[in-house]
Amino acid sequence: MIRRSVPLSLLYSTTGAYAALGRDAVDGALAAVAEVNNNSSYSFHFEPRVDDPAGSAERYAELAEVAIRQRGCRHIVGAITSWSRKEVLPVVERHGALLWYAFPHEGYETSDSVIYLGACPNQHLLPLFSYIMPRYGRRPFIVGSNYIWGWEIGRIAREITEAAGGEVLAERFVPLGSEEVDHLIAEIRQKRPDFILSNLVGRSAHAFIRAYAQLREEDAEFSAERRPFVACNLSELDLADLSPQAKAGHIVTNIYLDRLDTEENRRFKARLAARRGDDRPVTGPFVFAYMAVSVLAQAIADAGTDDPDLIRKLVTQRQFDTPIGPISFDPRTHYAGLRPFIGRSDSEGGFEIFETENPIVEADPYLVRSVFPGKPGGHAPKTGLKVVK
């Protein structure tokens, strides 16, 4: 049987400010491509092309245009930051293509041209604050990369905090990729918050964790038990190359962590180890890019075509098997229902999972149905629909 070719764009920055995330995502997507292409039960094979925008949001749009118009790609798996996603969005909408977006994000967006696999705030930030505030206090210090993700997660965190009767002591931003964080550490030392919420990305997150570990060594008041570093976009990847002391004690919400002890993850990791010949930790960026390609392949096989309209319709009508278990997508928003985990990092850079949101949390991208922790009556403040530019 001659298998038809399906061109596939993998659009991730493998160089630049958040290159490590991009490289891991590409590896995950290509692992799924290899599984599909080596499986003769599929009537097609993927012809992937990796494009590197090098962290430039404008380059995402340019490369997406090339992938669709010149190479005939109907599907783009990619974009890491919300900034880059919003650059790709008008391109796929204009050409009737489909973007598979697989990173945590701030919500407040829906599009018929996007399948959202990554978690939105009611699946990451709300579970994190529900765990943190009763145990550590309601006086966070917020640090973030200076773009949409940092701004919007900071805004929602402020609303959660104030709804619970708390106070955000400060909200500070650094340019995307900047490693100049000493001024942040100095202010944190002076203000002594109950916890630090990080919305930093890539090299900035790595630099801040290293600097905060130094503060912990110098001042016992900033121990992980007293004033933890918390995040909803942190993975094992962000702790690589740090000292054992710097790796330990950070609290995260995540949808996938390497030590997730489920039958689906054990089987998935066994397949990976057999192919790669080692047992390297598997990260969220790897797994969610893998899932995007895998779900797309399952949908193409069922539909008998890669037509984006038919694929979108099919994806929102059935469940898909993934390393995190079966997932399904809301037909109104195209967001995945996901199960968040709370984990704490150890000196090896892995995460002990110690609390699970159960059952699966359906996405609420505009926070119209969500419960804010600590708010009398329970509902989120009415923030209204917001266009983020």
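Predicted model: local features only at pLDDT ≥ 70, side-chain atom pairs only at ≥ 80, totals over all residues.
View 1. Where they touch, domain 1 puts in 30 residues and domain 2 puts in 26 residues.

**View 2. The interface between domain 1 and domain 2.** About 2300 Å² gets buried here, with carbon and sulfur atoms giving 69% of that area. On the polar side, there are ten residue pairs in polar contact between the two domains. As for who shows up from domain 1, the elements giving two or more residues to the side that touches domain 2 are α1 (19-37), α3 (82-95), α9 (263-276) and α10 (284-303). Of that side, α10 supplies the largest share, four residues.

**View 3. A salt bridge between Lys269 and Asp258.** The two side chains meet at 3.0 Å, N to O. Across the interface of domain 1 and domain 2, the rule turns up one salt bridge.

**View 4. The open, seven-stranded sheet.** Read across, the strand order is β7-β6-β8-β9-β10-β11-β12, with mixed pairing. β7 (170-174) and β12 (351-356) sit at the edges, each pairing on one side only. From one strand to the next, the twist averages 25°.

**View 5. Zooming in on β6 and β8.** These strands, residues 140-145 and 195-199, run parallel and are joined by five bridges. One to look for: Pro140 has Phe195 in β8 as its bridge partner.

**View 6. Helices on the sheet.** Helix α4 (residues 125-136) packs on the sheet and touches β8, β9 (229-231), β10 (251-254), β11 (341-345) and β12. Its direction makes about 155° with that of β10. Helix α5 (residues 148-163) lies across β6, β7 and β8, at about 170° to β7.

Conventions: Residues numbered from 1 in each chain as written. Heavy atoms only, no water. Pairing = 2+ DSSP bridges. Axes fitted to C-alpha atoms, helices over the stretch in contact; angles between N-to-C directions. Contact = heavy atoms within 4.5 Å. Buried area = accessible area lost by both parts, 1.4 Å probe. Salt bridge = Lys/Arg side-chain N within 4 Å of Asp/Glu carboxyl O. Polar contact = N/O pair within 3.5 Å; in protein donor to acceptor, adjacent residues only side chain to side chain.
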